[in-house]
Amino acid sequence: MLSDMFTKNKKPSKLWLVLIVIPFVTCLFSACTEDDPDPAEEFISLLASLDWGSDTCFVYGHKTPDVDTVTSALAYAKPMRALGFNCKAKVSSNTNKVSQYIAGVFGFDLPELKSNVATHTRLILTDRSDYAQCVDGAREAIILQKIDHHVEGDIRDNDIPFVRREMVGATNTIIYEMYQELGITIDNETDHILLAGIISDTRNLSKSTTKGLDSTAWLALTTQLGISPDSAARLNAGMESAAYNYSGMTDTEIFLSDYKEYEINGQMIGFGSMVCKQADMDNFIDQMLSVMPDIMQQKGVDMVFAKIDNLVPYTRADRTINPSTQNGIYFLYNGEGAPSIAKEIFGPSLRSGVCYSSKNYSRKQIIPLITEILNR
């Protein structure tokens with residue numbers, strides 16, 4: 001029963017965590033009887049029962065925030081405020097060039113920087129599953145909600161009063177669904193914020209992690225905003241260009257520009273994610289390999305990995321809109337035990353520290369594979 005799912009401190013089943021949209025949509029958009037509980041009202045009642053305290057509840061994505069993290073925090077803070085809860089989006093480290101680019105194009109303000117929180121601060125977490133990726137102080141905070149699209153990490157679902165986790169391409173897709181389910185009108189600014197996150201994290205619906213729900217949200221938002229498919233593709237191309245614009249950055253800053261940490265079976269893992277044009281790849285790989293030992297020492301991790309998306313020129317007629325496409329990834333590794341992990345997942349190395357895969361793996365697909373190996 002839906003009423004069971006929304007009882008405070010009683011966690012829903014794992015199936016509900018992934019497929020919550022099904023019971024919501026069934027009731028909200030079909031003929032519910034008078035005796036059926038209203039899921040939106042039940043959710044609002046659950047929210048009202050949470051331990052909000054008297055201070056501001058901060059909504060955070062992960063460290064080294066990308067567009068999906070920044071925009072999901074912004075987009076989710078809004079309906080919480082609309083429902084009367086004192087919530088504000090923050091980032092725990094500086095935003096990257098891609099977030100700055102799309103915020104400038106769409107005209108919304110990025111969250112303010114707040115790099116740590118005090119004990120018992122109320123938090124809502126978006127787009128992350130591990131404490132290593134959280135704002136400093138999160139372990140001593142009170143986590144009220146988690147909205148995420150990754151596999152469960154060490155921030156356990158059962159420890160949080162409300163969790164919404166779906167394996168879709170973008171966290172903003174989940175948040176878009178929740179706006180619909182709650183019947184909250186999405187204003188023009190929020191339309192742009194949600195769309196920016198979906199375009200970025202699905203690479204305009206082209207990444208292998210993209211699901212039908214992402215496409216549905218993308219279509220609804222672009223239609224509402226009057227943005228054509230060609231315009232959406234140009235926005236994606238602009239974000240892509242910003243993503244590999246490393247001018248003025250040191251090699252260490254480049255590696256850490258989209259970097260996450262995970263604690264897996266007692267080992268700390270660092271994982272960077274970058275993009276590079278195929279023509280520049282050899283030199284870029286050398287640069288990243290050269291800083292990985294220092295990053296291991298600086299961050300105090302046991303192993304460090306990196307995924308570099310291999311961008312090749314489009315040869316089709318629409319290349320002015322889509323100047324490049326992804327042709328596999330290069331996987332870099334360093335640290336004791338890292339070579340055997342790389343070999344098991346990707347096969348023989350091209351050279352020391354480097355593997356290649358023709359499959360366009362995302363980080364969220366690789367981490368579960370590493371986790372499975374380390375948990376044996």
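A search of the whole structure finds 19 salt bridges. A salt bridge here is a side-chain nitrogen of Lys or Arg within 4 Å of a carboxyl oxygen of Asp or Glu. Side chains of opposite charge can pair when their charged atoms come close. The model is predicted: local features need pLDDT of at least 70, side-chain atom pairs count only at pLDDT 80 or more, and totals for chains, interfaces and linings use all residues. Residues are numbered from 1 along each chain as its sequence is written, and side-chain values use heavy atoms, with hydrogens and water left out.

Start with R164. It forms a salt bridge with E181, and the closest N and O atoms are 3.0 Å apart. R164 lies in strand β6 (residues 162–165) and E181 in helix α7 (residues 171–182), so the pair ties together parts that are 17 residues apart in sequence. Helices (H or I, at least four residues) and strands (E, at least two) are DSSP runs, numbered from the N terminus. Are R164 and E181 buried or exposed? Both are buried. Buried means under 20% relative accessible area, exposed means over 50%, and partly exposed is in between (1.4 Å probe, protein chains only).

Now compare two other pairs. The side chains of D309 and K307 meet in a salt bridge, 2.7 Å from N to O. D309 counts as buried, at 4% relative accessibility. K307 counts as buried too, at 4%. Some salt bridges share partners, and these join R164, E166, E177 and E181 into one network. E152 and R156 also meet through their side chains, at 3.4 Å from N to O. Here E152 is partly exposed, with a relative accessible area of 22%. R156 is partly exposed as well, at 42%.

Step back to the whole protein. It has 14 helices and eleven strands. Buried residues make up 56% of its 376 residues. Contact means heavy atoms within 4.5 Å. Take the contacts between residues at least 6 apart in sequence: 67% of them join residues at least 24 apart. The accessible surface comes to about 16000 Å², and 49% of it belongs to carbon and sulfur atoms. Accessible areas come from the Shrake-Rupley method with a 1.4 Å probe; for residues, only the protein chains shown count as cover.

Next, the interior. A nonpolar core is a set of buried Ala, Val, Leu, Ile, Met, Phe, Trp, Tyr and Cys residues joined through side-chain atoms within 4.5 Å. The largest such core has 54 residues, and W52, Y76 and C87 touch the most other members. Which helix gives the most to this core? Helix α5 (residues 67–82) does, with eight residues. Leave aside the neighbours of Y76 within four places in sequence, and its contacts include F43, I124, F162 and M178. Apart from this core lies another, of 26 residues, among them F255, M274, C276 and I285.

T202 is another buried residue, at 0% relative accessibility. It lies in helix α8 (residues 188–202). Beyond its neighbours within four places in sequence, T202 is in contact with G169, A170, K207, T210 and D214.

Finally, look at a sheet. Strands of a sheet pair through backbone hydrogen bonds, either parallel or antiparallel. Two strands count as paired if DSSP finds at least two bridges between them. This open sheet has five strands in the order β7-β8-β9-β10-β11, with mixed pairing. β7 (259–264) and β11 (354–357) stand at the edges, each with a single partner strand, so one side of each is left without a neighbour in the sheet. Neighbouring strands are turned by 25° against each other on average, direction ignored. Axes are lines fitted to C-alpha atoms, for helices over the stretch in contact, and angles run from 0 to 180 degrees between N-to-C directions.

β7 and β8 pair in the antiparallel sense over six bridges. In β8, G272 is the bridge partner of Y259. Two residues separate these strands in their hairpin, where N265 takes a positive phi near 50°. Five of the six residues of β7 are buried, so this strand is largely enclosed by the rest of the structure.
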